[in-house]
Amino acid sequence: MKRRSEALVAYWMLAPALLALGIFRIYPIAVTCWGSLCTESFAHAGKLLFVGLANYLDLFKDPIFWKSVWVTIKLNIVINPLQVCLALLLAVMANQRFRGIGFYRLLFFVPIGVSLPIACIVWRIMLDPNNGLIDSILALGRIPAQPFLINQDQALWCIVAIATWKGASFWMIFLWAGLQDVPREVQEAAQIDGASQTQRFFRITLPLIKRPLLFVLVTDTAVNFLLFVPMFLLTRGGPAYSTNVLMYEAYKSGFTYGEMGRALTIVMVLLALVMIAVVAQFSLFQREKV
Amino acid sequence: MKILFSPFRLLPVSLCLSTAALFLSTVLAARAATTLHWLTLSDGAWPASVKKVIAAFEAENPDIKVELDLYPFRQLFETIEVRMKAEDSDVDLISVDVPLVASYTVRGYLAPLNEYFTNEEIEKTWVKPSWQAGMYKENFMAAPQNSSSQFFYINRKLFQQANVTPPKALDPGKETNYDQIASIAKDDRWTWEQVVDAAKKLTKDTKGDGKIDVWGFEFDQVSRLYQLQCLGESLGRSLVSPDGLKAEGYLNSDQWIKAAQWYADLFNKWKVSPKNVSPAESPDLFASGKVAMFVGGEWNVPRFQEAGVDFAIAPFPYFKEGRPVTGTGSWHVGVAKGSSHKAEAAKFAKFLTEQEEGSKIWFEAQGQLPATQELLTAIENSEKYRSFPKDAYLLGVYEARNSAVFRPVTPGYLQLEDIFFSTFEDIRNGVDPKQALDGAAERVDRFLAQFK
């Protein structure tokens with residue numbers, strides 16, 4: 001009886017959080033799911049019609065959709081490990097203590113202070129193939145001018161570079177906080193036992209920051225699956241759909257082509273992909289624990 | 001009593017009273033006036049020109065205020081989609097790009113205007129193609145704000161410096177009548193082949209640093225359907241089938257592939273046009289003397305004059321083996337179906353598009369080719385339009401009668417326009433024209449299939 005009343009109290013305490021979860025997470029997902037099963041009728045002034053799985057079947061027959069899936073996966077395969085590794089490297093560097101470290105820490109923090117749209121516009125000017133700064137620097141080394149964002153082989157990697165420049169510093173903060181929790185005595189004991197710096201990093205530091213690392217990896221993956229601003233501001237999904245990630249394709253379907261059913265179907269697919277990636281990451285870390 | 005009326009007590013009391021009076025009068029005034037919200041363009045001189053019409057309208061109708069919700073060209077369409085789908089009752093007026101009248105009507109974005117504009121009035125006010133473009137079935141859905149035409153702008157100074165003979169054109173300091181303009185357009189209109197030959201000579205690296213400082217040629221609306229439609233149409237092929245439901249065999253026809261190859265070569269083979277320049281930026285290149293030849297709308301005339309560039313205006317070029325074709329059609333204004341101030345919104349639409357005062361202010365401020373019979377007749381008859389640059393409107397009238405082609409009438413125009421733009425951006429950036437157009441036709445047809 002006592003246990004039951006304790007559970008009741010616990011549920012009451014959890015109620016505000018559960019309510020918020022329901023309103024801000026479950027409800028939008030339910031609306032999206034329902035919307036993906038409907039389409040607008042052109043004969044009846046945009047009235048919603050239930051079409052079952054027709055949107056999914058149409059989407060799976062569309063080569064542009066599959067190209068978007070591939071671009072999204074390709075982007076995430078590269079950008080997530082790159083951002084997490086760089087963030088870890090920056091965190092280790094920021095965790096050092098020597099004279100003048102404050103200046104370096106300030107440099108690491110600069111990208112966080114610049115909003116992503118502003119960063120995109122600044123990088124667009126620097127990567128301009130006509131009069132851009134980067135091409136001028138390349139010219140000093142006698143390297144021919146590069147098209148960057150207007151070339152289908154380079155555009156996606158330019159976006160990876162811009163998003164990493166912005167993202168790595170942000171994720172660094174979490175890992176740096178984790179590094180500060182690593183007990184100094186453990187490091188010193190290992191040093192006395194003759195462990196090299198590399199051994200100490202991989203055998204002591206890394207296992208001890210596993211929790212913030214998992215948080216960064218999972219959140220970064222979710223954020224990058226939904227990456228949209230650079231594609232919207234810099235390439236509009238081009239050239240030749242080379243940066244047309246699922247999020248941008250969903251946006252374009254809904255807001256440019258007025259096909260909200262298709263857009264919501266893409267969002268559901270994106271949700272499934274993010275969930276698969278996150279579950280895989282969690283299970284990877286769990287397995288290592290065993 | 002003395003204490004009661006002392007200045008120390010009177011001051012705060014009078015301040016409180018006057019603040020309360022001000023607050024009340026503001027609240028009452030706000031209640032009395034109807035405020036209309038208009039979703040419209042933020043590009044170029046558009047907002048400033050629109051505000052001149054609004055000022056005149058508000059002076060005549062003190063109980064109606066018009067507020068602008070401004071968006072750049074591409075974002076405007078997206079915002080209309082979002083806000084109309086959300087049944088936003090705060091939107092009263094919408095700027096409608098004319099090929100979208102049918103699309104907005106069937107999706108319930110626009111309210112019919114028949115109640116406010118009689119058929120007789122409509123036919124009397126505007127030229128037929130313009131008012132017809134604003135109709136859907138029997139209903140008048142959007143009123144024509146203006147029409148448009150396309151000119152070929154020449155930087156005279158750059159031609160002189162490069163020692164290149166320019167095409168026969170309307171020049172500053174010269175008087176020209178309609179017959180002379182017709183003669184230039186018929187006999188001396190340049191071909192695209194001549195444009196490329198001249199552009200090669202005009203493209204220059206003046207500083208010798210390996211970077212081009214003066215470009216030979218540039219489009220105003222780079223990669224946009226409105227302006228590039230004339231390329232394939234000049235070679236004799238429309239973008240979609242006559243019923244507007246098929247792009248395969250049209251958008252990827254031999255004629256369009258040839259036109260697209262020519263467009264690609266401007267940027268990649270002959271390198272006479274700059275890459276990575278958006279339609280919003282391209283007129284500035286001509287205005288600042290960085291482009292020698294520019295094809296663009298008549299609305300650029302005041303902008304170039306203001307910039308002090310020494311320019312002349314020639315008829316829009318065409319392919320040697322084809323025929324002259326120029327873009328036309330422009331913005332209409334519609335009343336939002338969900339508006340709770342339809343009558344007031346229609347009153348403003350009428351003032352802007354139909355009434356002499358409003359349409360004249362708009363024409364003089366924005367400089368776009370009018371759609372009203374009255375203003376077009378004035379252009380043809382008035383001496384004011386015989387000297388440069390006003391005589392360019394006579395060229396606009398000539399093109400409207402002889403070479404103007406409307407954009408395709410298709411329920412999938414929204415998709416066609418966006419796919420066309422991204423495809424021609426890809427072509428500009430080096431993608432094979434045939435491959436790009438085949439993919440585009442397939443994608444457009446995928447969208448058009450839902451309307452069959």
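I began with Gln191(A), which comes out partly exposed at 47% relative accessibility (buried is under 20% relative accessible area, exposed over 50%, partly exposed in between, with a 1.4 Å probe and protein chains only). This is a predicted model, so I kept in mind that local features need pLDDT of at least 70 and side-chain atom pairs pLDDT 80 or more, while totals for chains, interfaces and linings use all residues. Residues are numbered from 1 along each chain as its sequence is written, chains are lettered from A and ligands numbered from 1 in written order, and side-chain values use heavy atoms, leaving out hydrogens and water.

Next I placed Gln191(A): helix H8 of chain A, residues 184-192, holds it (helices are DSSP runs of H or I, at least four residues, numbered from the N terminus). I also checked Gln191(A) against Leu270(A), 79 residues apart along the chain, and found 46 Å between their C-alpha atoms.

Then I turned to the cysteines. How many disulfides does the structure hold over all chains? I found zero, a disulfide being a pair of cysteine sulfur atoms within 2.5 Å. For Cys158(A), the nearest cysteine sulfur belongs to Cys120(A) and is 12 Å away. Cys158(A) is buried, with 11% relative accessibility. I looked up Cys230(B) too, and that residue is buried at 3%.

My last stop was Glu356(B), buried or exposed, or in between? Glu356(B) is partly exposed, at 48% relative accessible area, and sits in helix H15 of chain B, residues 356-366.

Methods: Helix = DSSP H or I, 4+ residues; strand = E, 2+ residues; numbered from the N terminus.
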